[in-house]
Every structure is written in C-alpha cells, then in structure tokens.
Amino acid sequence: MTYLKRSPWIIHYDASSCNGCDIEVLACLTPMYDIERFGIVNTGNPKHADVFVVTGSINEQNKAVIKNIYDQIPNPKVVVAVGICATSGGVFRECYNVCGGIDKIIPVDVYVPGCAARPESIIDGIVKSLGILEEKRLKMKNPDTGQSSTVGRK
Amino acid sequence: MKIEEQTTIVIGVEHLIGRVEQFRKGGYRLVQLNCSKIGEQFEINYCFEREYRFENIRIVIDFETEVPSISGMYWGAFVYENEMHDLYGVAVKGMNIDFQGNFIRTSVQYPFRNPSFQGEGPCQEK
Amino acid sequence: MSRKIVIPFGPQHPVLPEPIHLDLVLEDETVVDVIPSIGYIHRGLETLVAKREFTEYVYIAERTCGICSFIHGLTYCQGVEQIMDLEVPPRAHYLRTIWSEYSRLHSHLLWLGLFADAMGFENLFMNSWRLREFVLDILEETTGGRVIQGSCKIGGVRKDISNEKLASMAADLKGFEAELSDLSDVFLHDDSVKSRLVDVGKLTRTDAYDLGAMGPVARGSGVGIDLRKTGYAAYRDLRFEPVTETAGDSYARCAVRVRELFGSIDLIRQAIEKIPEGDIEVKVKGNPDGEYFSRSEQPRGELVHYLKANGSKHLVRSRIRTPTLTNIPPLVKMLQGCELADVPVIVLSIDPCIGCTER
C-alpha cells in the first residue's frame, strides 16, 4: 500500500438504498473497522472530497443530485459503488422507479458487491479506488505518457 | 393462533366523514389509510385503534370518484392522502396540506394504478 | 416584523445519513413552518408482489429497510401466517422474539450514535457504535447476516440456535449491560448533552396522540402505546411494560430509547430462559386467500404490513406503513417555533428511517 501517502476524503451519498449498505459504510468509520487509520475522512462537502461512495440504485428523483455531487468533486476523483443495488439495481431492478446501477449516470471505478456489503469489502473497495485515484492523478499531470515526473511526488 | 380480532366494515363514500367523526369522538387514533387497486376499482381502508382494539372501515370507489379528506379531523392524515393521490391518482378533496402531486415524486404518473416493470430478465442483459 | 425566508434542508446534508428534503420557512432564526417532501429513495417495491411469489416476497420485505430488516421480515411472515392459519411452533416464536430484540438493540445503539453526532459529541458516537458491534456479531453468528438477516420464513425460522449458544448469549449480556450503563450515564446525565436536548422540540401528549405519533416519539410524550403488548411472537409470554417519559422533548425521546435498551436485554434474558424445545418451522401448503393487517413494534414505532391475497401464488397487494411516515406530522409540529440550529437534533430525535418510509 505504498500509495497511501495521502489522506483521501470520501463523500457518501445514499441513492435509493435500503440503509443496509449505508450503515455499513458508517460502521467503517467507527472503532471496530476505523478507516480513519488510513487517513480516510468522511466529509459532507463534495468540494473537499476525492472519493465518491454511492450506495443504492438511481431513480428519477436522485439522478440530478448524484450528477450534481459528481460534478462538484474536483478532479481527480473516483467513484465507488457499494452494494449490489448500486452495481445493478439488485432485487429492486424491476421496480418502476429504479433505473439500475449508478453506472448509468456516472462512470464507476470500483464495484463492491454484497447485500449488504460487508465493512471489510467496503474498505477493500475504497483502498482499491485509491490506487485508481493515484493513476488518474498521474495522468492529469502528464496527459501524454501517463507517467509522472519525479518532481513533486514525494 | 389469532393475534387480534380485526373488523372491517364496508361503507359508502357518503357516510365516510360521519363514521370517521365517530372514531375521532371515541378517542381512536388513526393507524393508517391505504389504497389498493382491486380489479377496476379502488379499495381504501381507514384503520383506527384504541387501546389495542383495531377497527377498519373501507370504501370502494371508481377511479374517478372524489374522496373527501379526513385531515380536518386527523391532522396527520395528509401524509397518507397525498401518498394515495401520488401513487394511485385518487382525487382527495380538501386536504389541509396539498402537495399537488409532489409528496412522492415518481418517474411515471400514478405508478400503482397500472404497475409497470423494467429490466426484465437477468440484470446482465440490461 | 422581519422578512420570511425559505431554507432548503437536505437532501444531501452532513447530519443526514439519508436524503429527506425539508423546506424551512424562517423568520430570523425561528422556524415558522416546515414543508417536508420525500421521494429520493422511492423504489416502488410494493408493486413487486406481482413479480415475486408470496414465499419469495420475504426477501423484498426484509430489504424495505436495512436497519430493522428482521422485524420487516417477521411482520410480513406473520401476516401471511395469519391469513393461512398456520400454527408456527413455539420455539420459532421465541427465536423470532430474541432476534427482534437484538435488532432493537442494534437499531437504538445506531440511533444513539447518530444522535450524539448530530449534537456534535463525536466520542459518544464512536462509543455507541463500538458497543453496537457486539450485537451485530451475535446476529451474524446466529443468522449469518450482519444487517440483513434473512432468517425469517413463512411458517417459522430458517435457523435454530443451539441451547449452548443461547446460554453463552445470556452470559455475554452481562458484560454488555455493564458497558451500556456507562454509556447511558453520559446520555442521561451529562450536562452538555442535556443542554442540547432539554426543552428542544416539545410535543405535548395530546398532540402526540392526535397526530398519530408512534414508538419512542409517542412514549416520550407519555402515550404508552407499545404494539408488543398485542402479544405477537412470544411477547404474550414475557413480562414487560412500555417505557414512558412525560416531558415530550428531545431529551425524553432519548431517555425512552436508552431505557428501552435495558428492557430489550431483559426480554432477551426472559426469552432465553423460557424457550421451549421443538421444531422451528411448519410446512406451507397451498396459497393464501384473505387479508390481514399485520402489526408489530419496530424500534421506531408501529409497523403495519397490509396483505391481501386471492388464492394465487402472488399477493394482490402489500402495503407497508412504516413508523417514520406516521411520525412526520408530529415532526412538522415539533419544528414549528424551534431555532434553526436545533433542526438537525429535532429531525434526528424521531429516528427518521427514510428508506422504510418511501419504500
């Protein structure tokens, strides 16, 4: 985990989840799992965030909200879809008001399966996303090669 | 083993307000209102309870029939009446707080009237 | 006289784990009116009865809400059993009761944590959730799931708990209770907690009853309704009294929940002591025909599952009336006249569960 040099902040949004995954995301913050030891902080402000954690599937009502939060997060950013509803719609995929997984609206980098997703797998997903975040950062710095210069890396 | 007795009385829509008023005067609390589509009609249940005695009155109406609001007697009934309107399109007259169909915002109008489904089949084929 | 301004509260708000939208009409710092609107989590899952057989719909019912999922499953199964006149074995009733009470413990601890967070007392938040993990571990050991248990089925339960395990669960409760009383001391006696809660969001007894408040919101205002008194599952064999407080403010609602935690521990002990031997399920034959309003006491209040069947494999109608929906009118009353800074605490004091409410 050499890429854990920084302190990535996450923002969590509950799309149309049943709460199962949400409380597991929150459980990650608490003493038993404690993702703050990786320097990960949950913020309420999209402009402070690097990682967008979404639980639950999208519906007509929250489409715009998710798009809006995603646009407000500064680049580079990664999206983690937590739970099977965020991945594909899950057991609710046939419901008239459910459009499916969040990848229908915004690009998703990491999918965390499970109903409800376990805290261990959520942490794993977020840590994976940090690798992708670092890659994106390098690409932003050096759009041609995708390699970063050594300057300013440490 | 039956947990509790539940009585259901079917009444005409014109007697609704009178019956609800009796419950109100008798110190009953409003448990819930709900609408179901049975065939080409709506069944609306008004459930009341007092000291764990559960009573239910029911009206059966056509899609177009207007229902009087009971929110004058039970202030909190507006959540159920707005919900009924938003999901089934039941016309409720005289609500104390009328959201004009914006209480539950849905992708289709009156979705529970003719339920539709999407994403049939395995989700991988979406 | 000052100008009226409208402040939107939510859907994405730091204190809210779930999206609800309130339009707060303010005059200076005072809230004069509140217009709630929901629909951010609406899925329309009740329509799925047409797609799933009545035995499969249990999974959907459980996923109405991830916090009180076991009780949703129980209430649904109980409704179908009542329609079909199924005689559930007593051991299954007791197991359901034990799991229900563990669910209540986990839900109340979750709420206490979120409430502490809304007050700005982070340490208390962390400690509540640390204790909650003890409950989740037991749920996971006995059912296989942390938050969605899936252990209820029509006609009984899916899994038995061995008597040795039950005995060790009862023994473990002792240490848990000791830690819990340390925690509850802070909630009930700490000055900084009291200064945020006492006299905030008052609801009178009359208002609570007339507006249909249920659960801790009603009991915090002195209305002693507890649906467990109707004697579903094994509650008819157990001794308990509804916990009530009379002040009707946020502190009273908090105190009700804290005291209910100890009530749940007591109920679990009684159930473990009395649990009979025997089968855990009966075979289900045929299809349901009839209707029933299945009612139960969720951590947040009265839950109603209205089920209507016509003798086919699919139910005609399932309607889930959750406690948060009935607590919205009292919330509107509580918020009128409060200060803007108290809004988060008051909203959380009804323990809103939006996932349930919108279904």
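An axis here is a line fitted to C-alpha atoms, for a helix over the stretch in contact, and an angle runs from 0 to 180 degrees between N-to-C directions. I also noted that helices (H or I, at least four residues) and strands (E, at least two) are DSSP runs, numbered from the N terminus.

**Before looking.** I am working with a predicted model, in which local features need pLDDT of at least 70, side-chain atom pairs count only at pLDDT 80 or more, and totals for chains, interfaces and linings use all residues. Residues are numbered from 1 along each chain as its sequence is written, chains are lettered from A and ligands numbered from 1 in the order in which they are written, and side-chain values use heavy atoms, with hydrogens and water left out.

**Chain C, two helices.** I looked up α5(C), residues 163-189, and α9(C), residues 250-274, and found that their axes come within 10 Å and cross at roughly 165°. That makes the two helices roughly antiparallel, a term for angles over 145 degrees. In contact (heavy atoms within 4.5 Å), I listed residues of α5(C) including Leu173(C) and Phe176(C), which belong to the set meeting α9(C) residues, among them Phe262(C) and Ile265(C). I then noted that the residues of this contact divide into 17 nonpolar, 2 polar and 3 charged, where Ala, Val, Leu, Ile, Met, Phe, Trp, Tyr, Cys and Pro count as nonpolar, Asp, Glu, Lys and Arg as charged, and the others, Gly among them, as polar.

I followed β2(C), residues 21-27, and β3(C), residues 30-37, which pair in the antiparallel sense over 7 bridges; strands pair if DSSP finds at least two bridges between them. His21(C) stands opposite Ser37(C), and the hairpin has 2 residues between its strands, with Asp28(C) in the turn at a positive phi of about 55°.

**Chain B.** I recorded 2 helices and 6 strands, running β-α-β-β-β-β-α-β from the N terminus. An open sheet of 4 strands has the order β1-β4-β3-β2 in chain B, with mixed pairing, and its edge strands are β1 (6-10) and β2 (29-38) of chain B.

**Between the chains.** I found 47 residues from chain C and 45 residues from chain B in the contact. Chain C and chain B bury about 4100 Å² between them, 54% of it on carbon and sulfur atoms, buried area being the accessible area (1.4 Å probe) that two parts lose on being put together, summed over both. In chain C, Tyr209(C), Phe293(C) and Arg295(C) lose the most area to chain B.

Key: Parallel < 35°, antiparallel > 145°, perpendicular 65-115°, else oblique.
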